[in-house]
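Subject: Structure for your review

Dear colleague,

Please find the structure below, together with its sequence. My notes on it follow, and I would be grateful if you read them with the structure open.

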Amino acid sequence: MHAWPASEVPALPGKGRDLRIHDTATGGRITLDPGPVARIYVCGITPYDATHMGHAATYNAFDLVQRVWLDTKRQVHYVQNVTDVDDPLLERAVRDGEDWTALAERETALFREDMTALRMLPPKHYIGAVEAIPGIVPLVERLRDAGAAYELEGDVYFSVEADPHFGEVSGLDAEAMRLLSAERGGDPERPGKKNPLDPMLWMAARAGEPSWDGGSLGAGRPGWHIECVAIALDHLGMGFDVQGGGSDLAFPHHEMGASHAQALTGEHPFARAYVHAGMVGLDGEKMSKSRGNLVFVSTLRREGVDPAAIRLALLSHHYRSDWEWTDQVLADAVARLGRWRAAVSRPDGPSADALVEEVREALADDLDAATALAAVDRWAERQHSEGGTDEGAPGLVSRTVDALLGVAL
Ligand code: 5CA
Ligand code: ZN
């Protein structure tokens, strides 16, 4: 599938710092050391509803990762999927009496518009689950032939015992895994499984549901985790730099994905860092399509809210913390955007050389965007209170905010 148009990223003087980031697997901060081409896979949406603030916050975090890398003069190879066939999408289509492909196409198109408006850098490869099926089937066959997968009433399950590193991404104990597996798409109660945690790789065709030719697997459709593994291995290979998503993906999705890939290749690790963004809530609950407590990017845009203000609202929270979306969060961001725009609209101002380094340092320090915003606030306050004579300063501030934070002033 096609992605969305890229906004230009201005080059800044000098060079950024290497990113130190919290890795879920080691439970601590690690310094990433990508090659000249940094490789990142970020899990994409399941397109049955519009982009909400939680999605936007998660994609914002991984956009910052890329902006830090670009500032170190690396190229970035970014891959994202679209889960354009899965239970929740099919259920929503049935509920609304809509064709599931039309629903997926419409919501994916809206997501592209939202990402473009928010100036999120597009993936180089934007791949749907459906288009990945021809690549998924041979992977499942290989796992089965190697004894890492087994059949149960026509469905094919992955055996978590096949990967000696299983459990290392999330670091959870068996009971916690069982609970989360039941909550997040697994079926630990199904009789006949070798291990209750074993996830489905291939689901045999069900009446009334779409299915595809699965070669020796029979007709069916892919499980969720193998979708991302097939796409990541195809476009990035093993040992890529960052696997990203919201914290609700650490288990089972990223745990199972890592094990599928490690069992397939005999190599470790699947990703060198597993990075997870916190959950955005509304009225005390995680914002989620299934709960319906949502604030959509597209609704705010229609109401005339400047996407740059939405982006500043996302940036005002640390990406790893769980936080609540409120009207006040947006009002504060609108006010901040106004102060910044007024400050850079003057022909000169206080020097911004130190500011560039402060923003760089804050972001390299586990994407501390709030500290970066505070540094820009201080420059804007000085501009308003004292002004300055540096003719290049307002332009440099605009370029810094654009290049490193994705905000157009
Ligand atoms: N298609 C799968 C990933 S392969 C999926 O999880 N889709 S999703 O539409 O449910 O979520 C897309 C991304 O948004 C995921 O990274 C998910 O962790 C993140 N996300 C979902 N809800 C929230 C929330 N309330 N706050 C922060 N991030 C969220
Ligand atoms: Zn995924």
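In which helix is the place of Val65? Val65 belongs to helix H1. Please bear in mind throughout that this is a predicted model.

Val65 has a relative accessibility of 0%, and it therefore counts as buried, the limit being under 20%. Setting aside residues up to four places away in sequence, Val65 touches Leu19, Ile21, Ile40 and Leu367. One of these, Leu19, is 46 residues from Val65 along the chain, yet their C-alpha atoms are separated by 7.7 Å.

His52 is found in the loop between strand S3 (37-42) and H1. With 5% relative accessibility, His52 counts as buried. A polar atom of the His52 side chain lies 2.9 Å from the backbone nitrogen of Gly54. Leaving aside neighbours within four places in sequence, His52 is in contact with Met287, Ser288, Lys289, Leu294, Val295, Phe296 and Val297.

The nonpolar cores come next. The largest nonpolar core has 80 residues, and those with the most contacts inside it are Met53, Trp325, Leu363 and Trp379. Helix H1 gives the most to this core, namely ten residues. Apart from this core lies another, of 42 residues, which includes Val79, Ile127, Leu236 and Phe240. As for Met53, its contacts, not counting residues up to four places away in sequence, are Val280, Met287, Val295, Phe296, Val297, Leu300, Ile310, Leu314 and Trp325.

Helix H12 covers residues 369-385, which makes 17 residues. From its first C-alpha to its last, H12 reaches 24 Å, close to the 24 Å expected at 1.5 Å a residue. Which residues of H12 are buried? They are Ala369, Ala372, Leu373, Ala375, Val376, Asp377, Trp379, Ala380 and Gln383. The buried residues of H12 pack against helices H1 (53-71), H9 (307-315), H10 (327-344), H11 (353-364) and H13 (393-405). Just after H12, Gly387 takes a positive phi of about 70°.

The model also contains a zinc ion (ligand 2). Which residues coordinate the zinc ion (ligand 2)? They are Cys43, through SG, Cys228, also through SG, and His253, through NE2, at 2.1 to 2.3 Å. Why is the arrangement called tetrahedral? The four donor atoms around the zinc ion (ligand 2) subtend angles of 101 to 120°, and four donors count as tetrahedral if all angles lie between 85 and 135 degrees. Along the chain, the donors follow the spacing C-x184-C-x24-H. Cys228 lies in helix H6 (residues 224-235) and His253 in helix H7 (residues 250-265), so this pair ties together parts that are 25 residues apart in sequence. Cys228 counts as buried at 3% relative accessibility, and His253 is buried with a relative accessible area of 3%.

Finally, Asp155 is found in strand S7 (residues 155-158). Is Asp155 buried or exposed? Asp155 is buried, because its relative accessible area is 2%. Its side chain makes a polar contact with the side chain of Arg190, at 2.7 Å. Besides Arg190, the residues that Asp155 touches include Tyr150, Met200, Trp202, Met203, Ala204 and Arg206, not counting residues up to four places away in sequence.

Yours sincerely

Key:
Residues are numbered from 1 along each chain as its sequence is written. Chains are lettered from A and ligands numbered from 1 in the order in which they are written. Side-chain values use heavy atoms; hydrogens and water are left out. Helices (H or I, at least four residues) and strands (E, at least two) are DSSP runs, numbered from the N terminus. The expected span of a helix is 1.5 Å times one less than its number of residues. Buried means under 20% relative accessible area, exposed over 50%, partly exposed in between (1.4 Å probe, protein chains only). Contact means heavy atoms within 4.5 Å. A polar contact is a pair of N or O atoms within 3.5 Å; within protein, one must be able to donate a hydrogen and the other to accept it, and residues adjacent in sequence count only if both atoms are side-chain atoms. A nonpolar core is a set of buried Ala, Val, Leu, Ile, Met, Phe, Trp, Tyr and Cys residues joined through side-chain atoms within 4.5 Å. Donors are N, O and S atoms within 2.8 Å of the metal (3.2 Å for Na, K and Ca); water is not among the atoms, so sites may look incomplete. Four donors count as tetrahedral if all angles lie between 85 and 135 degrees; four count as square planar and six as octahedral if opposite donors are over 155 degrees apart and all others between 65 and 115; anything else is irregular.
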